[in-house]
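Subject: Structure for you to look at

Hi,

Here is the structure I said I would pass on.

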Amino acid sequence: MSIAIVVEEKLRNGISVSELQIANESHMHSGPATDSHFKLVLVSDDFAGKRLVQRHQMIYKILADELQSPIHALAMHLYTQEEWAKKNGEVMPSPTCQGGSKS
């Protein structure tokens, strides 16, 4: 089973999800790993009243095993439904890796 599917299942079981996008961005980074860099967009009213660091901690707890290995990097964009509506459902694209063999 792909890491993205595992992540999706764990998040849907661990938090109330209104919108969920998981993008495998491993191809944008140096090294041979194919399931190591991900971008997560998650909209949940479970984030209401929580600071950004608290939202990240919620996700770290849910994905603790995957963050030990194989996930090397996880870009998180975490919003309430109200915040997501204000952004018109748009998230900035991730930058291209500048490290390792990509530089």
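Below are my notes on the charged pairs and the aromatic rings.

First, the ground rules. This is a predicted model, in which local features need pLDDT of at least 70 and side-chain atom pairs count only at pLDDT 80 or more, while totals for chains, interfaces and linings use all residues. Residues are numbered from 1 along each chain as its sequence is written, and side-chain values use heavy atoms, with hydrogens and water left out.

**Salt bridges**

Side chains of opposite charge can pair when their charged atoms come close. A search of the whole structure gives 5 salt bridges (a side-chain nitrogen of Lys or Arg within 4 Å of a carboxyl oxygen of Asp or Glu).

One of them joins R12 to E8, with 3.0 Å between the closest N and O atoms. Both residues sit in helix 1 (residues 3-14), 4 residues apart, or about one turn of the helix. Helices here are DSSP runs of H or I with at least four residues, numbered from the N terminus. R12 is partly exposed at 44% relative accessible area, and E8 is partly exposed too, at 32%. As for the terms, buried means under 20% relative accessible area, exposed means over 50%, and partly exposed is in between (1.4 Å probe, protein chains only).

K10 pairs with D65, and here the closest N and O atoms are 3.9 Å apart. K10 belongs to helix 1 and D65 to helix 3 (residues 64-68), so this bridge ties together parts that are 55 residues apart in sequence. K10 is partly exposed, with 27% relative accessible area, whereas D65 counts as exposed at 55%. These two also belong to a network of salt bridges that links K10, D65 and E66.

Then there is E83 with R55, whose side chains meet at 2.8 Å, N to O. This pair also links distant parts of the chain: E83 is in helix 4 (residues 81-86) and R55 in helix 2 (residues 52-62), 28 residues apart. How accessible is R55, buried or exposed? At 7% relative accessibility, R55 counts as buried, while E83 is partly exposed at 29%.

**Aromatic rings**

The structure holds 1 aromatic pair. Y79 and W84 form this pair, which is tilted, with 5.4 Å centre to centre and 35 degrees between the planes. Rings of Phe, Tyr and Trp (its six-membered ring) pair if their centres lie within 6.5 Å; planes under 30 degrees apart count as stacked, over 60 as edge-to-face and the rest as tilted. Both Y79 and W84 are buried.

Best wishes

How values were computed
Helix = DSSP H or I, 4+ residues; strand = E, 2+ residues; numbered from the N terminus.
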